[in-house]
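Here are my notes on the model you sent. They run from the overall make-up to single residues and pairs.

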Amino acid sequence: MSTAVATTTAARAAKAAAAARTTPRVGPVPVLWLTLLATPLAAGANAPVLILPDMARSLGVSASTATWLVASYAWAMAVGTPLLAGLLRRRGLRAALHLAGALLVGGTLLVAASPWLPLTLAGRATQAAGGAGLAAVAMSLAGSARRMGVISAGFGILGASGPLLGAQLSQAVSWRLSLSVSVIAVLAVPMVSRYATAPAATPTTPATPATPATPQGRFDARGAALLTALATALVLLPHAPAAALGSSALAATLLALHVRRRPDGFVPAALIRRPLFLGSALLALTLSGSYFTLLFSVPRLLAERAGWDAATAGTGQLVALLTGSALSWLLAAASTRMSRAAVRAVLIGVGASAAAIAVFASWGPLLLVATLGGTFAATGSNAVLSMHAASSAPDAQRPTAIGLFALCYQLGGAFGPAIATALVLSA
């Protein structure tokens, strides 16, 4: 009898353990899983910075042509974020996670095997779209400025480490491995997916979007296409100003007309008319653009004004980037006890001071302070202002708000290098 009881107990325990592995959990997703889900994207974006000549030689193209591997990644990040956030809003957490994960893995395999630049470009864009989708999911699940601060600081730290990591992997193995670092984000997909049916959040509990039981109306394909066209034109603005300016104006006009005809579509009219959302998104774009301008300008300024060599400047800038990213978490943690006006005053004050220092300073350490300040302001804005933007939207539109906010932030990454080139690098 005791043997039968023990067997039954063991069977029940095994069944319970199997159920625990497959049953979605209730409650907020642990922030470390969200950080792993989102932040490898930043390392993947910056990994090619120091290895472009090696990539160009391997693919049989010029170094300037190889820079399209960076541009294609930035473009896919920009357009992929709102598109995958729209999928999250419409089809729920699991659908967005699985599609984004599949895109990331498929793009990585393409990059690893492709012998031609066009196919490698397609792989990089697919990688970026998948990574952007996972980042949009992570940001939507953060639920608080403190948790979002951890994710945003991780973005900054891995983004700062990306060039060195890419160079080391390229030297040890291959540049193709350097371009594949973002794929480690898929390790978090199964864990985050287990929270797919968590209940709606209370004011102190981060929300997890539930998978909708029924489709949420007809998909606004025209709105998605027009937003993609607008984002594409804006990303190309630094590379082909005349054509991109006309295209962006046309796309913006058509999108505005479409939003008037379908106010509840892919770009909700009620959301983009909210001052809190618009102010948060535009301020984040400005601070992001300033940060990326400093990122590309300060090494040249350190050489010209302070006489630093490339190795010293690179090491100093890396320390400044890592420190600024880590300090931004302190602002995110403190923001819950500060008013929105106070948070914005800190971000604007630090961001403006960083830009002013970069314009007038000639002492090397002071130029690194400018980099630190720009990193702090941009990373802090991504953490705190994204929560402000999300709070301005109804629950059903919060993934959309996060996606559109992230699009604005990433556009700063497209504009910053062009501004640096015009003001500093071409001098």
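Predicted model: local features only at pLDDT ≥ 70, side-chain atom pairs only at ≥ 80, totals over all residues.

1. Of the 427 residues in the protein, 49% are buried. Among contacts with a separation of 6 or more, 82% are between residues 24 or more positions apart. The protein exposes about 18,400 Å², and 70% of that comes from carbon and sulfur atoms.

2. Helix 16 covers residues 310-334, which is 25 residues. From first C-alpha to last it reaches 36 Å, close to the 36 Å expected at 1.5 Å a residue. Its buried residues include Ala313, Gly316, Gln317, Ala320, Leu321 and Gly324, and also Ser325, Ser328 and Leu331. Among the elements that cover the buried residues of helix 16 are helix 9 (145-172), helix 15 (275-306), helix 17 (340-360) and helix 18 (364-391).

3. Ser335 sits in the loop between helix 16 and helix 17. Is Ser335 buried or exposed? Its relative accessibility is 10%, so Ser335 counts as buried. Leaving aside residues up to four places away in sequence, Ser335 touches Ala145, Val343 and Val384.

4. On the surface, Leu250, Leu254 and Leu257 form a nonpolar patch with about 260 Å² of accessible area together. Leu254 belongs to helix 13 (residues 241-261). Leu254 counts as partly exposed because its relative accessibility is 37%.

5. How many salt bridges does the structure hold? There are three. Arg57 pairs with Asp54, with the closest N and O atoms 2.3 Å apart. Both residues lie in helix 4 (residues 52-59), three residues apart, about one turn of the helix. Arg57 is exposed at 59% relative accessibility, whereas Asp54 is partly exposed at 31%.

6. Arg300 forms a salt bridge with Glu304, the closest N and O atoms being 2.5 Å apart. Arg300 and Glu304 are both in helix 15, four residues apart. An α-helix has 3.6 residues a turn, so residues three or four places apart point the same way. Arg300 is partly exposed, at 26% relative accessibility.

7. Arg262 forms a salt bridge with Asp220, and the closest N and O atoms are 3.7 Å apart. This pair links distant parts of the chain, 42 residues apart: Arg262 is in the loop between helix 13 and helix 14 (269-272), and Asp220 is in the loop between helix 11 (189-193) and helix 12 (221-235). The cut-off for buried is under 20% relative accessible area. Arg262, at 17%, therefore counts as buried, and Asp220 is buried at 5%.

Technical notes: Residues numbered from 1 in each chain as written. Heavy atoms only, no water. Helix = DSSP H or I, 4+ residues; strand = E, 2+ residues; numbered from the N terminus. Expected span 1.5 Å × (residues − 1). Buried < 20%, exposed > 50% of the residue type's maximum accessible area, 1.4 Å probe, protein only. Contact = heavy atoms within 4.5 Å. Areas by Shrake-Rupley, 256 points an atom, 1.4 Å probe, with all protein chains shown as cover. Patch = residues over 30% accessible without salt bridge, like charges linked within 9 Å, V, L, I, M, F, W, Y side chains within 5 Å. Salt bridge = Lys/Arg side-chain N within 4 Å of Asp/Glu carboxyl O.
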